[in-house]
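Please keep the sequence and the 3D view open while going through the points.

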Amino acid sequence: MIRVLSGPSLPRLWGARLPAAAGIACLLTVGVSQAQSPPAAAVDTPRPTAAEARGQVDAAVGRLTCAGVETTETAKGLRIAGYVGSVEDAGVLKAVLTALPPGIDLDVRVAVRPWPLCEGLGIAGLAGGPKESPEGQGSDAPTLGFNRPSLVYRKGETLEVTVTAGMPGHLTVDYIDTDGSVIHMVPMRLRRDDRVEAGRPVTLGVAKSATDRIYTIAPPFGPAMILALVTRDPLFPADREEVEPAGPYLAGLRAALAAALPADAKGTVAVRSAVLTTVAE
C-alpha cells in the first residue's frame with residue numbers, strides 16, 4: 001500500500017526450465033508443493049506431440065479465473081508464460097504439467113498475481129499492449145521508469161514513477177494494491193490535465209509544487225501494480241475519487257476501453273504495466 005501525502009510540506013514467481021520428466025520435479029521444488037516425478041514412458045508408448053500437450057494445458061487454463069497464460073510450441077515442447085490469480089490456481093496448472101507424458105520439454109514462467117492485479121493485467125491484455133514489463137517494447141506503448149529499478153520498495157520509501165508516452169494523447173496512471181484499492185495518480189483532482197506528448201517524460205510522486213502528490217510505502221505489504229494507459233480521448237473525468245475500490249473501478253475501466261477501442265485499435269490505446277513488491281524492511 002502507499003500513503004498519499006501532499007507536496008513539499010510534508011513477485012511470487014514460480015517457474016523453471018523443465019527438460020522433460022526431470023524438469024517437472026524441478027518445477028515443483030521451487031513451487032508451492034512437491035510431487036514425484038512421472039514414471040518413465042514405456043518403450044512402445046508413442047511420443048506425445050507438442051500440439052496435444054498444448055491442448056491439455058490450454059484446456060486447464062480455460063477453467064481458471066483471472067488468469068492470463070500463453071502457451072506456445074517450441075522445437076522441443078512448450079513455452080508457458082503469464083500469470084494466475086491464486087496459489088490454488090497455480091497448483092491446478094502444476095498438476096496438469098506434472099501429468100503430461102515425459103518427452104515434452106517445458107519452459108515455464110508463470111507468476112501468481114492475486115486479484116485485483118490479475119484483473120488489471122487482463123485489462124492491459126485487452127488493450128493489446130505488453131502486460132507486465134517496465135521496459136519499452138514497441139513504439140506506442142508507454143515506458144515506465146522507477147526510482148527503485150529493482151521494483152522492491154521498503155516501508156517509508158517513496159514511490160516515483162516516470163511515464164514516457166510513445167504517442168500523444170491522454171494519460172491514465174493507476175496504483176493497484178492487493179488490499180482491493182486503486183489510487184489514481186493521473187488524472188485526479190490536483191492533476192486534471194492528463195494530456196501527454198510522445199517522448200516527453202511525466203514524473204509522478206515528486207514534489208515539484210504544492211499540488212504534487214508524494215507516495216510513501218506503508219502497510220499492508222506485498223505485490224502492487226502500476227497500470228499506465230495512453231488513449232486518444234480521456235477515459236474518465238478528473239473529478240473521480242482519488243482512491244476507489246478496485247472492483248467497480250476496474251469494471252468501469254474495462255467498459256471504457258471497450259468503448260474506446262474500434263475494430264482497428266491502432267493509434268487509439270497504448271498500455272504498459274509493472275508489478276512492484278512492497279516489504280516491511
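1. Which strands and which helix do the buried residues of H2 pack against? In this predicted model, they pack against strand E3 (68-73), strand E4 (77-84) and helix H3 (87-99).

2. Helix H2 itself covers residues 50-62, and its 13 residues reach 18 Å from the first C-alpha to the last, which is close to the 18 Å expected at 1.5 Å a residue. Its buried residues are Ala50, Ala53, Val57, Ala60 and Val61. Seen down the axis of H2, these buried residues fall within an arc of 100°, so they line one face of the helix.

3. The structure holds one disulfide, which joins Cys66 to Cys118 with an S to S distance of 1.9 Å. The pair links distant parts of the chain, since Cys66 sits in the loop between H2 and E3 while Cys118 belongs to helix H4 (residues 117-126), 52 residues apart. The torsion about the S-S bond of Cys66 and Cys118 is about 95°, so the disulfide is right-handed. Cys66 counts as partly exposed because its relative accessibility is 28%, whereas Cys118, at 2%, counts as buried.

4. The largest nonpolar core has 29 residues, and those with the most contacts inside it are Phe146, Leu159, Val173, Tyr175 and Ile226. Several strands each supply at least two residues of this core, among them E6 (143-146), E10 (169-177) and E17 (269-279), but the largest share, four residues, comes from E15. In general, nonpolar side chains tend to be buried together in soluble globular proteins.

5. Ile226 deserves a look in the 3D view: leaving aside its neighbours within four places in sequence, Ile226 is in contact with residues including Leu144, Phe146, Leu159, Val173, Tyr175, Met185 and Leu276.

6. A word of care about confidence is needed. The mean pLDDT of the protein is 82, and 77% of its residues reach 70 or more. However, pLDDT stays under 50 over residues 8-36, for which the model has 69 contacts beyond four places in sequence, and also over residues 133-138, for which the model has twelve such contacts. Where pLDDT is low, the predicted coordinates should not be read in detail.

Terms used:
Residues are numbered from 1 along each chain as its sequence is written. This is a predicted model: local features need pLDDT of at least 70, side-chain atom pairs count only at pLDDT 80 or more; totals for chains, interfaces and linings use all residues. Side-chain values use heavy atoms; hydrogens and water are left out. The expected span of a helix is 1.5 Å times one less than its number of residues. Buried means under 20% relative accessible area, exposed over 50%, partly exposed in between (1.4 Å probe, protein chains only). The arc is that of the directions from the helix axis to the C-beta atoms. Contact means heavy atoms within 4.5 Å. A nonpolar core is a set of buried Ala, Val, Leu, Ile, Met, Phe, Trp, Tyr and Cys residues joined through side-chain atoms within 4.5 Å. A disulfide is a pair of cysteine sulfur atoms within 2.5 Å. pLDDT is the predictor's confidence in each residue, from 0 to 100.
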